[in-house]
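Let's walk through how the side chains pack in this model, with the cut-offs stated along the way. Have the structure open as you read.

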Amino acid sequence: MSKHDFPQIHFYDQDFVDIYNKTWSWVSPYWFNPKTGEQDSEGLFVYPENDKKILNQFESIFSSFFLVYSNRNFDPCQNIDYFYARQEENGAIRCKYDIDTNQPVISADNPDGIGLPLFAWAEFNLFHKSANKRRIKDVMPYLQKYMTWLDENYKQENGLYAVPASVSTMTNAPREAAVYPIDFNACMAINASYMSALGDILNDKDLSFQYRRMYFSIKTRINSLMWNNDTGFYYDLDKDGNQLSTKTIAAYWTMLAEIPNADKADRLVEHLQDENSFGTDHPFPSLSADDPHFSEEGNGYNGSVFPAFNFMVIKGLEKYGQYEYARECAIRHLYFILEGLLPNEEKVPGDLFEAYLPTKEGKPVMDGDNLFPRKRYLLTAGLSTIALMIENIIGLSISLPRKTVDWIIPNLEIMGIENLSLKRNLITILSNKSSRGWEIQMESEKLYYFTINIIDQKKKTLPIPSGKCSMLIDKL
């Protein structure tokens, strides 16, 4: 498949453009037809391991956030629909399935096969990239049954949800005593919030109110029981409801859920900027650097940097208007990923990995797991090389149903995107320095509304007609 079938990006650092293009060229071999087991771009997006093809709920949801930019070469809904099709009578959807047998894959540390509840977040994003309202109507029954199953089986008297800490995917993190994990509870709030938003899209006031009320209930419990004012952080709780002392990246799901107020959010951001907490050279480690279990060699979830969690943190920063800092962290993160592509000291070729070291270049280790980190792990690495590249480094935020494109950047640079497909509309947005000053050139097949937001300098919204046009920034 030619890389020109995909949107082309322009950026002053050609290495960023190259890894973006290379990621798309590497995606095709990981799509399999579940019936034949053959490679098929219309099949399922799976990372094969040990001759097995296990579909993972967490990775399937996250991969949809970069597959939406494939210009319909890959279906971002395919994996998610597979999980809906496996929903059980009681509403349960398990976190892993073997696509050869269509049976759930259950582990001893997660006997119910629970996953982080994030389907509604993914569906909201899919809607804004496709404007397919019919899909929301079709999937809503699955989402409602799923939330009811979680609510009826795992909600406790204190209003929080008790599930195994391993549900978070942070397999060897020092969270053994956690009974009320901060990430799962924050994800329940995220899902409830987006369920309410999907209800608004369907003009279903009852549905919207039901999940808005659920969201505020969870938000209140998290703030009252899991926030520690002395340290400025959210913590897991033990079986007795006491706060544990381990600071993990899991706490930042609360920012994506918009749970902290502005003051609490500022204190969480301070931890991200503190080199003794989460402000390591490569942002952001899975475990706080001042924790006794923290390892500069990563040791799995004891310090390794994971693209999926970085994506989550950066999207949380956006919720609080931290666009410039979010972009800075995305760029630093991508430089470390680029370093990981280079051969190491033993001349072993580099690649895209499942995780990275927190304080230097290279891939981490995990005690007892020689396969970690998985190589060319595109299901989450694509979040960094494609989604963060488009949304945070170039700075584009796109909503097809609203017919809006927002370009949020700290300053003007030579960059942009070319031939991005928005349903049946190809758009191009490029900034260049000419003799007349900074100029933004645009091309579109249909009208849309373009907002240029140069942080702390200029913000202007203009209707962009079909065809080619340009604007001089100095004239705005």
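## Cysteines

C95 has a relative accessibility of 14%, so it counts as buried (under 20% relative accessible area; exposed is over 50%, partly exposed in between, with a 1.4 Å probe and protein chains only). C77 counts as buried too, at 14%. Searching the whole structure turns up 0 disulfides (a pair of cysteine sulfur atoms within 2.5 Å). For C95, the nearest cysteine sulfur belongs to C187 and is 13 Å away.

A word on the ground rules: this is a predicted model, where local features need pLDDT of at least 70 and side-chain atom pairs count only at pLDDT 80 or more, while totals for chains, interfaces and linings use all residues. Residues are numbered from 1 along each chain as its sequence is written, and side-chain values use heavy atoms, with hydrogens and water left out.

## The nonpolar core

The largest nonpolar core holds 161 residues (buried Ala, Val, Leu, Ile, Met, Phe, Trp, Tyr and Cys joined through side-chain atoms within 4.5 Å). Helix α6, residues 182-201, gives the most to this core, with 13 residues (helices are DSSP runs of H or I with at least four residues, strands runs of E with at least two, numbered from the N terminus).

Among the residues with the most contacts inside the core are W24, W121 and W253. Leaving aside residues up to four places away in sequence, W121 touches F62, F65, I190, N191, Y194, W253, L256 and F311 (contact means heavy atoms within 4.5 Å).

## Aromatic pairs

There are 44 aromatic pairs (Phe, Tyr or six-membered Trp rings with centres within 6.5 Å; planes under 30 degrees apart are stacked, over 60 edge-to-face, the rest tilted). F45 and F66 have ring centres 6.2 Å apart and planes at 80°, so this pair is edge-to-face. Because F45 lies in strand β3 and F66 in helix α2, the pair ties together parts 21 residues apart in sequence.

F233 and F278 are stacked, because their centres are 5.8 Å apart and their planes at 10°. Here the link runs from strand β9 to the loop between α9 and α10, 45 residues apart. Ring pairs also join a cluster that includes F58, F62, F65, W121 and W253.

## Around helix α3

Helix α3 (residues 78-85) buries N79, I80, Y82, F83 and Y84. Their cover includes β3, β5, α2, β6, α4 and α5.

R86 lies over the face of Y82, 4.2 Å from the ring centre (NZ of Lys or CZ of Arg within 6 Å of the centre and within 35 degrees of the ring normal). Likewise, the charged end of K53 sits over the ring of F32, 5.0 Å from its centre.
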